[in-house]
Amino acid sequence: MPTLCCNGVDLHVERAGQGPRLLYCNGSGATLAAVPWLLNRLAERFDVVAFDYRGMGASAPISEPYAMADAAADVAGLLDALGWERTAMLGWSFGGMVAQEFAVSFPERLERLALLSTSPGGAFPSFRLDTLADLPVEQRAARTLQLMDQRWTGDWLAVHPVDAELVKRMAGEASGLSKSQLRGWNLQLQARSQHDVVERLGRITCPTFVANGRFDGIAWPEVWAALDAGPPRP
């Protein structure tokens with residue numbers, strides 16, 4: 001299923017594996033072409049569906065800004081196109097933000113939810129990647145990768161070949177972006193900067209797993225601990 005019309009937008013979709021239904025939502029600036037290693041692992045246990053966001057990867061180009069609510073509506077449209085009334089959902093980074101927006105907007109459509117390396121936004125944001133938008137593409141990609149895992153120094157990558165290969169693939173994809181793809185990335189960053197579900201988290205009704213990496217410089221674990229403690233003082 002290479003392309004499906006979802007919420008009026010043509011999205012590139014991939015499906016693989018057998019088992020319980022799982023919808024995967026990718027990270028900031030990432031496309032399906034960059035994460036076959038992850039999708040293959042998920043397909044060992046699940047009937048997994050993944051997609052490129054509007055304006056990203058092999059999905060149709062866009063020129064107008066959109067909100068996180070639009071991204072969540074795209075997900076709802078995708079489930080409709082698949083004929084899936086309900087599903088489990090896994091969101092990584094930006095995908096975790098989309099998943100949260102979907103979960104508070106369409107709670108009845110989720111069976112389980114996993115949020116990886118993400119934040120609820122608002123008063124508890126992750127790193128503002130939109131502040132890097134004016135950097136040249138290769139510098140932005142390098143800085144984003146450095147933030148993804150703060151261990152990824154030259155010395156670390158020299159003795160961790162799996163991490164080094166992952167960094168190489170993701171950096172290579174970013175350096176090959178077309179003008180339309182770069183525009184899609186910038187519009188994604190704009191939508192990401194508006195993410196805020198803090199006051200609506202109580203609408204999530206399904207079992208939810210939240211995980212953040214100790215060396216993650218984008219979405220640090222302290223964000224969720226601070227959320228439990230209440231809003232920050234002025």
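Biologist: What is the relative accessible area of arginine 200?

Modeller: Arginine 200 has a relative accessible area of 22%. Buried means under 20% and exposed over 50%, with partly exposed in between (1.4 Å probe, protein chains only), so arginine 200 counts as partly exposed. Bear in mind that this is a predicted model, where local features need pLDDT of at least 70, side-chain atom pairs count only at pLDDT 80 or more, and totals for chains, interfaces and linings use all residues. Residues are numbered from 1 along each chain as its sequence is written, and side-chain values use heavy atoms, with hydrogens and water left out.

Biologist: Which side chain does arginine 200 meet in a salt bridge?

Modeller: Here's the general idea: side chains of opposite charge can pair when their charged atoms come close. For a salt bridge, a side-chain nitrogen of Lys or Arg must be within 4 Å of a carboxyl oxygen of Asp or Glu. Arginine 200 meets glutamate 101 in this way, at 3.0 Å from N to O. Glutamate 101 sits in helix H3 (residues 94-105), while arginine 200 is in the loop between helix H7 (179-193) and strand E7 (208-211), so the bridge ties together parts 99 residues apart in sequence. Those labels are DSSP runs numbered from the N terminus: helices are H or I with at least four residues, strands E with at least two.

Biologist: And is glutamate 101 buried or exposed?

Modeller: Glutamate 101 is buried, because its relative accessible area is 6%.

Biologist: How many salt bridges does the rule give?

Modeller: The count comes to seven. One of them joins arginine 15 and aspartate 47, whose closest N and O atoms are 2.7 Å apart. This pair links distant parts of the chain, since arginine 15 belongs to strand E2 (residues 9-16) and aspartate 47 to strand E4 (residues 47-51), 32 residues apart.

Biologist: Where do those two fall on the accessibility scale, buried or exposed?

Modeller: Arginine 15 has 41% relative accessibility, so it counts as partly exposed. Aspartate 47, at 12%, counts as buried.

Biologist: What about arginine 54: which side chain does it meet?

Modeller: Arginine 54 forms a salt bridge with aspartate 74, at 2.8 Å from N to O. Aspartate 74 lies in helix H2 (residues 68-82) and arginine 54 in the loop between E4 and H2, so this pair ties together parts that are 20 residues apart in sequence.

Biologist: Are arginine 54 and aspartate 74 buried or exposed?

Modeller: Both aspartate 74 and arginine 54 are buried.
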